[in-house]
Amino acid sequence: MTANDTRTEDRYPTRLARAAEPIVRGEPAVWPSAGGGPPDAALAAHEARGYSVVEDLLDPSEVEEFLREVRRLTEDRALRADERVVVEKESAEVRSIFAVHELSPAIGDLIRDPRVAGRARRLLGSEVYVHQSRVNYMPGFTGTGFYWHSDFETWHAEDGMPLPRAVSMSLALTDNLPYNGGLLLMPGSHRTFVPCLGATPADHYRESLRDQRVGVPSRKDITRLAEAHGIEQFTGTAGSALWFDANTMHGSGNNITPFPRSNIFVVFNSVENTLVEPFAAPGPRPSFIASRDFTPVPH
């Protein structure tokens, strides 16, 4: 199946005027690939749960290298005026830096690493390109979380991603503890697409990257998914990587501890699922948030 098959068909309508029932997803989370062989236990678990964890993807020396790189970027005063930098709403501390693989040669090399791009190809069953990259920095005391949401809902509505044939990697550069704002996920929720209410405002990304209000499910739908699937949290030492399906329901709380939480976040999309016009927005988001350069990540 390719994006060309879906250019005029919206399989996942959202941003509606009135409530609609959730949609059972028809596509897999782990796509078959020619010559890829049968899924191993880790891939089978990813298919069932919608996410998987790779412990120690980076060794301690690599973690230190990338922490220095993130520190360099977040402390670069010249970058503060760049639209790729998002700051916290209240404290004005750096929250995210987008298109980071273009700003940092080291992170660009990491994305091309077989441990990273190779796993993305295996999960999506095709060549892949970078839909989005960023570093996230959740500072101690002032780091704010994200409400429950499906990334695919936004990418479909605002970027024109036809199908949930994309996967995200959150690579921990600091320990993800049970109490410093770690990511919460609903295992198995990737099988259900939840339509959301409300029209997308123009330039919605300017606000949603700090505090998303449009494109979030209702409390009723969140409760229904949580009761059906439960809630788990990604915890792990620095260097661990969480891989999760584009449609997995997830969110995070505020970090009121003194312990910051940093990660490198990369979204890979299949080259067979390239973006079309947004399905529920006035126009596409900027390329630093949703790339329209569909060049495959080189081997």
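Two strands pair where DSSP finds at least two bridges between them. The close-up views below are taken from a predicted model.

**Figure 1. Pairing of β4 with β5 and of β5 with β13.** Strands β4 and β5 run antiparallel and are joined by three bridges. Serine 96 is placed opposite asparagine 136 of β5. Strand β5, residues 128–138, is also joined to β13, residues 261–270, by ten bridges, and these two strands likewise run antiparallel. Valine 130 has phenylalanine 268 of β13 as its bridge partner, while arginine 134 faces phenylalanine 265 of β13. Of the eleven residues of β5, ten are buried, so the strand is largely enclosed by the rest of the structure.

Figure 2. The strands follow the order β2-β11-β7-β13-β5-β4-β3, and their pairing is antiparallel. The edges are formed by β2 (51–54) and β3 (85–87); each has a single partner strand, so one side of each is left without a neighbour in the sheet. On average, and with direction ignored, neighbouring strands of this sheet are turned by 15° against each other. Helix α1, residues 41–49, lies across β2, β7 (166–172) and β11 (241–245), and runs at about 140° to β2.

**Figure 3. The largest nonpolar core and the surroundings of isoleucine 264.** This core has 35 residues, and those with the most contacts inside it are Leu58, Leu171, Trp243, Ile264 and Phe268. Two or more residues are given to the core by each of the helices α2 (60–74), α4 (105–112) and α5 (114–124), and by each of the strands β4 (94–98), β5, β7, β11 and β13. When residues up to four places away in sequence are not counted, isoleucine 264 touches Phe66, Ile107, Leu110, Arg134, Val135, Met169, Ser170, Leu171 and Leu173. Another core lies apart from the largest one; it has 19 residues, including Leu183, Leu242, Val267 and Ala290.

**Figure 4. The contact of helix α2 with helix α4.** Two packed helices are described by the angle between their axes and the distance between the axes. For α2 and α4, the axes come within 10 Å and cross at roughly 135°. On the α2 side, Glu65, Phe66 and Glu69 take part, and they meet Ala106, Ile107 and Leu110 of α4. By class, the residues of this contact are four nonpolar, no polar and two charged. Phe66, Ile107 and Leu110 are also among the residues that isoleucine 264 touches.

**Figure 5. The contact of helix α4 with helix α5.** The axes of α4 and α5 come within 4 Å and cross at roughly 45°. Helix α4 is therefore oblique to α5. Leu110, Ile111 and Arg112 of α4 make the contact with Pro114, Val116 and Ala117 of α5. The residues of this contact comprise five nonpolar, no polar and one charged.

Figure 6. Most residues other than glycine have a negative phi. Aspartate 56 has a phi near 55°, a positive value in a residue other than glycine. This aspartate 56 is located in the loop between β2 and α2. With a relative accessibility of 54%, aspartate 56 counts as exposed, since the cut-off for exposed is over 50%. Alanine 99 has a phi near 50°, which is also positive in a residue other than glycine. The position of alanine 99 is in the loop between β4 and α3 (100–103). Alanine 99 has a relative accessible area of 4% and is buried, since buried means under 20%.

**Figure 7. The open sheet of four strands.** The order of the strands is β6-β12-β8-β10, with antiparallel pairing. Strand β8, residues 183–185, pairs with β12, residues 250–252, in the antiparallel sense over three bridges. Within this pair, glycine 251 of β12 is the bridge partner of leucine 184.

Conventions:
Residues are numbered from 1 along each chain as its sequence is written. This is a predicted model: local features need pLDDT of at least 70, side-chain atom pairs count only at pLDDT 80 or more; totals for chains, interfaces and linings use all residues. Side-chain values use heavy atoms; hydrogens and water are left out. Axes are lines fitted to C-alpha atoms, for helices over the stretch in contact, and angles run from 0 to 180 degrees between N-to-C directions. Contact means heavy atoms within 4.5 Å. A nonpolar core is a set of buried Ala, Val, Leu, Ile, Met, Phe, Trp, Tyr and Cys residues joined through side-chain atoms within 4.5 Å. Buried means under 20% relative accessible area, exposed over 50%, partly exposed in between (1.4 Å probe, protein chains only). Ala, Val, Leu, Ile, Met, Phe, Trp, Tyr, Cys and Pro count as nonpolar, Asp, Glu, Lys and Arg as charged, and the others, Gly among them, as polar. Angles under 35 degrees count as roughly parallel, over 145 as roughly antiparallel, 65 to 115 as roughly perpendicular and the rest as oblique.
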